Amino acid sequence: MKYRLILLVIVMLSFFLIVFVRIYTLQISRGELYKVLAEGANLNFKFQTERGEILFRNGEKLATNISVPCLIVESKKLVNNKEAIKKLGEILNLSENEILEKLTSSSFVILKRKLSKEETEQIKNLKIPGIIITKEKIRYYPYGKLAANVVGFVNSEGRGQYGLEEFYEPILKETKSIKTTLDYNIQKKAENILEKAKELLNIEGGQIIVMNPFNGEIYALANYPSFDPNNYENENMELFKNGATQKLFEPGSIFKPLTIAAAIEEGKITPETKYVDEGFVKIGGWTITNFENKIWGERTMTEVLAWSINTGAVFVEKKLGHDLFLKYLEKFGIFEKTGVDLPEIYSENKELKRGYEINFATAAFGQGVEVTPIQAARALAVIANGGYKIEPHLLLNKESKKERIISKNTAETVTKMLIEAVENGYGKRAKIDKYYIAGKTGTSQIPFASLGIPQKGYSDKTWQSFVSWFPAFDPKFLILIKLDNPEAISAGVSTTSLAKELIEYLLTFYQIPPDYE
């Protein structure tokens with residue numbers, strides 16, 4: 001009985017404490033604000049509501065909620081008080097006209113959100129009638145620009161815009177938190193590498209994807225340039241788009257492994273199949289050449305990948321046939337969304353499907369076919385994981401769909417060919433001692449249309465990319481690096497060194513043992 005009485009007293013005290021705190025909040029702490037709301041005032045603003053948090057895979061907070069001071073003014077008590085308007089303008093760094101313009105819009109207006117501590121104290125000291133300083137719950141991103149294009153932001157009306165905030169809006173607005181597959185350390189490293197690319201290569205933009213090729217978990221999705229979701233109001237809207245899922249590019253020679261894999265799967269070629277390169281291929285009135293107009297002579301299919309020979313890819317596509325080529329591109333997911341849990345676009349590649357000979361030829365080496373970086377990563381993951389098309393995703397513990405596209409034998413064969421591309425080909429700057437690294441470089445010209453120029457054909461600007469998985473025969477990671485117009489002659493110069501830095505970091509950080517001594 002004694003313990004029951006003690007428990008009852010504790011419960012009752014707790015209840016009264018909760019009631020007291022609630023009354024204090026309603027009548028004292030935010031009393032003036034609730035009075036305004038209760039009177040049904042003509043308000044032209046809406047407060048944000050509590051949302052579920054967004055977390056990195058190890059629990060760090062990518063998006064959370066905080067309370068900040070907010071300044072509300074009663075227009076009729078302030079509109080004719082020129083002295084008060086002048087003083088507020090000095091504190092808030094607003095002109096008198098800006099304040100008056102806001103005051104005429106409604107009976108009660110938010111004059112400024114996110115007041116600083118200094119601003120709050122100065123305004124309180126003014127003791128102006130009609131001034132309400134209250135607490136507003138807002139969305140807060142503790143790491144600022146980190147993963148900004150992945151997370152998106154919440155607008156002034158409390159709705160998720162872009163990224164995870166938009167995609168998972170129905171869940172987050174119900175105050176349910178989500179844990180993502182993003183690894184804080186990998187994301188930070190990937191973004192640092194893009195910053196380095198800006199410094200060394202003066203890139204105009206770029207993306208890095210790091211994912212698990214077997215289950216589709218995305219460890220990093222880095223974009224450059226980025227923005228701060230805590231202060232997005234004056235930014236260019238193009239910055240908000242996630243370049244990995246919302247911007248198309250022509251992948252260039254990282255596409256060649258798909259062409260090779262399809263032909264090997266259909267028994268049209270083997271790694272040892274030879275052909276003679278004359279340095280060019282004529283198709284109608286078009287002439288296709290190799291990088292730097294090189295003439296390679298007799299070469300194997302392995303060498304076609306290692307030295308990224310364009311005419312070799314055209315040879316393979318002809319052996320495969322246009323219908324089968326299109327069929328495999330469809331199977332690899334080139335004409336559909338990936339299903340990633342982010343706002344996403346894709347291209348139907350109508351020009352390629354029209355069936356012109358030149359379009360099939362250039363598509364064989366990744367020119368004239370449009371994909372997003374996440375589409376390219378998913379397609380190449382088919383080779384990395386032994387033949388399955390998977391679903392890239394950011395929600396931790398989400399079950400990924402799997403569909404067999406090519407045989408395990410074909411996937412392993414192409415992987416061996418891509419190891420050669422790193423050991424002795426254009427990808428050799430990404431080589432790391434004691435590890436087998438599969439990799440492929442890609443350099444493609446940027447169409448005028450992609451630059452917003454109403455003109456047919458291609459500019460002198462390039463996209464340069466590198467895809468890799470490692471350790472090659474039991475890959476823990478697949479990475480894709482894509483740079484927009486770096487100051488470098490090709491991806492073999494620009495992306496491979498960056499890739500090596502990222503690969504070394506991942507191997508070391510996760511203590512992945514060597515393949516051989």
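Strand 16 is the top contributor to the lining of the largest pocket, giving six residues. Bear in mind that this is a predicted model. The volume of that largest pocket comes out at about 1300 Å³, and 45 residues line it. If you want to find the middle of the pocket on screen, look for Glu 250, Thr 362, Gln 367, Gly 368 and Tyr 458, which lie nearest its centre.

Which elements give two or more residues to this lining? They are strand 12 (286-289), helix 16 (350-353), helix 17 (357-363), strand 16 (438-447), strand 17 (458-470) and helix 20 (491-509).

Polar or nonpolar? The lining of the largest cavity has eight nonpolar residues, no polar ones and no charged ones. Helix 18, running over residues 373-384, gives the most here, with three residues.

## Helix 12 and its two partners

Helix 18 also turns up in a helix pair. Helix 12 (residues 256-265) packs with helix 18 at an angle of about 45°, and the two axes are 10 Å apart. That angle makes helix 12 oblique to helix 18. The crossing between helix 12 and helix 18 is left-handed. On the helix 12 side the contact uses Pro 257, Leu 258 and Ala 261, which meet Ala 379, Leu 380 and Ile 383 in helix 18. By class, this contact of helix 12 with helix 18 is six nonpolar residues, with no polar and no charged ones.

From helix 12 come Lys 256, Thr 259, Ile 260, Ala 262 and Ala 263, and they meet Asn 310, Ala 313, Val 316, Glu 317 and Leu 320 in helix 14. The contact of helix 12 with helix 14 has six nonpolar residues, plus two polar and two charged.

## Helix 10 against helix 20

Helix 20, one of the elements from the pocket lining, also packs with helix 10 (residues 184-201). How do these two run relative to each other, roughly parallel or roughly antiparallel? Their packing angle is about 155°, with the axes 11 Å apart. Angles over 145 degrees count as roughly antiparallel, so helix 10 and helix 20 are roughly antiparallel to each other. Helix 10 and helix 20 make a right-handed crossing.

On one side of the contact you have Asn 185, Ile 186, Lys 189, Ile 193, Lys 196, Ala 197 and Leu 201 from helix 10. They meet Ser 494, Leu 498, Glu 501, Leu 502, Tyr 505, Leu 506 and Phe 509 in helix 20. Sorted by class, the contact of helix 10 with helix 20 comes to nine nonpolar, two polar and three charged residues.

Where are the cis peptide bonds? One runs from Tyr 224 to Pro 225, with omega near -5°. Pro 225 sits in the loop between strand 9 (218-224) and helix 11 (243-246). Another cis peptide bond joins Phe 470 and Pro 471, where omega is about -20°. You'll find Pro 471 in the loop between strand 17 and strand 18 (477-484); strand 17 also gives residues to the lining of the largest pocket.

One more spot to check in your viewer is Tyr 162. This residue is not a glycine, yet its phi is positive, at about 65°. Tyr 162 belongs to the loop between strand 6 (160-161) and helix 8 (163-167).

Terms used: Residues are numbered from 1 along each chain as its sequence is written. This is a predicted model: local features need pLDDT of at least 70, side-chain atom pairs count only at pLDDT 80 or more; totals for chains, interfaces and linings use all residues. Side-chain values use heavy atoms; hydrogens and water are left out. On a 1 Å grid over the protein atoms alone, a cavity is a set of points where a 1.4 Å probe fits but cannot get out, and a pocket is an open set with protein on both sides within 12 Å along at least five of seven lines; lining residues have an atom within 4 Å of a point. Grid points are joined across faces, edges and corners, and a volume is the space filled by probe spheres set on the points. Helices (H or I, at least four residues) and strands (E, at least two) are DSSP runs, numbered from the N terminus. Axes are lines fitted to C-alpha atoms, for helices over the stretch in contact, and angles run from 0 to 180 degrees between N-to-C directions. Angles under 35 degrees count as roughly parallel, over 145 as roughly antiparallel, 65 to 115 as roughly perpendicular and the rest as oblique. A crossing is left-handed if the near helix is turned anticlockwise from the far one by less than a right angle, and right-handed if clockwise. Contact means heavy atoms within 4.5 Å. Ala, Val, Leu, Ile, Met, Phe, Trp, Tyr, Cys and Pro count as nonpolar, Asp, Glu, Lys and Arg as charged, and the others, Gly among them, as polar.
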